Amino acid sequence: MLTVGAPGGVSLYRTLRFDLLKKTSEETKAAVLKRVPIGSRISAAQAVMESEGFRCAKLHDTKFAEDSPDGGPQLVHPRADILWCSSGEWGFLVTKRWQVSFVDSGGVVSEVAVAVGLTGP
């Protein structure tokens, strides 16, 4: 967390995007749920994620996946309307990618799925 001084000696707090970019999908999901709890408006989820540097898109009637807690194959969810958000750290040959899917149930977040992985040669 970064502390920014403000006039009058008041401190303003801004959570930087690396607060959501955790090492594992479980840690990332916990961090996201602290900022965007189940029951939040989808528009609020999008605003939070984009303010943290994620790119988001609303997808309709699409399948999505998340990492399995036991390290097994990804869990594929049935088709749903989702807000899909993605971010990454780019290296020389390998990119670490974070994908967060928010299930949109009438404009409200009803489920969150997270996948964290490496891409490259």
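Modeller: Along the sequence, the chain follows the pattern β-β-α-α-β-β-β-β. That gives two helices and six strands. Keep in mind that this is a predicted model.

Colleague: What makes C56 and C85 a disulfide?

Modeller: The distance does. Their sulfur atoms are 2.2 Å apart. The cut-off is within 2.5 Å, so the pair qualifies as a disulfide. The structure holds one disulfide.

Colleague: Why is the disulfide of C56 and C85 called right-handed?

Modeller: Look at the torsion about the S-S bond. The torsion is about 110 degrees, so the disulfide is right-handed.

Colleague: Which parts does the pair tie together?

Modeller: C56 lies in strand 3, residues 55–66, and C85 lies in strand 4, residues 75–90. The pair therefore ties together parts that are 29 residues apart in sequence.

Colleague: How do you know whether C56 is buried or exposed?

Modeller: Set the value against the limit. C56 has a relative accessible area of 17%. Buried means under 20%, so C56 counts as buried.

Colleague: And C85, buried or exposed?

Modeller: C85 has a relative accessible area of 0%. That is under 20%, so C85 is buried. For the chain, buried residues make up 36% of the 121 residues.

Colleague: What makes strand 3 and strand 4 a pair?

Modeller: Count the bridges. Nine bridges join strand 3 to strand 4. At least two are needed, so the two strands pair. They run antiparallel. Within this pairing, E66 stands opposite L75, and T62 has A80 as its bridge partner.

Colleague: How do you know that strand 4 also pairs with strand 5?

Modeller: The test is the bridge count again. Nine bridges join strand 4 to strand 5. The requirement is at least two, so this is a pair. These strands run antiparallel, and W90 stands opposite T95. A hairpin of four residues joins strand 4 to strand 5.

Colleague: What is the order of the strands in the open sheet?

Modeller: The order is 3-4-5-6, in a sheet of four strands with antiparallel pairing.

Colleague: Why do strand 3 and strand 6 count as edges?

Modeller: Each has a single partner strand, so one side of each is left without a neighbour in the sheet. Strand 6 covers residues 108–119. Neighbouring strands of this sheet are turned by 35 degrees against each other on average, direction ignored.

Colleague: Where do the helices lie?

Modeller: Helix 1, residues 25–35, lies across strand 3, strand 5 and strand 6. Helix 1 runs at about 145 degrees to strand 6. Helix 2, residues 42–51, lies across strand 3, strand 4, strand 5 and strand 6. Helix 2 runs at about 165 degrees to strand 5.

Colleague: Which residues of helix 1 are buried?

Modeller: S25, T28, A31 and V32 are buried in helix 1.

Colleague: How do you know that the buried residues of helix 1 line one face?

Modeller: Look down the axis of helix 1. The buried residues fall within an arc of 125 degrees, so they line one face of the helix. What covers them includes helix 2, strand 5 and strand 6.

Colleague: What share of the accessible surface belongs to carbon and sulfur atoms?

Modeller: The share is 58%, out of about 7,200 Å² for the chain.

Terms used: Residues are numbered from 1 along each chain as its sequence is written. This is a predicted model: local features need pLDDT of at least 70, side-chain atom pairs count only at pLDDT 80 or more; totals for chains, interfaces and linings use all residues. Side-chain values use heavy atoms; hydrogens and water are left out. Buried means under 20% relative accessible area, exposed over 50%, partly exposed in between (1.4 Å probe, protein chains only). Accessible areas come from the Shrake-Rupley method with a 1.4 Å probe; for residues, only the protein chains shown count as cover. Axes are lines fitted to C-alpha atoms, for helices over the stretch in contact, and angles run from 0 to 180 degrees between N-to-C directions. Contact means heavy atoms within 4.5 Å. The arc is that of the directions from the helix axis to the C-beta atoms.
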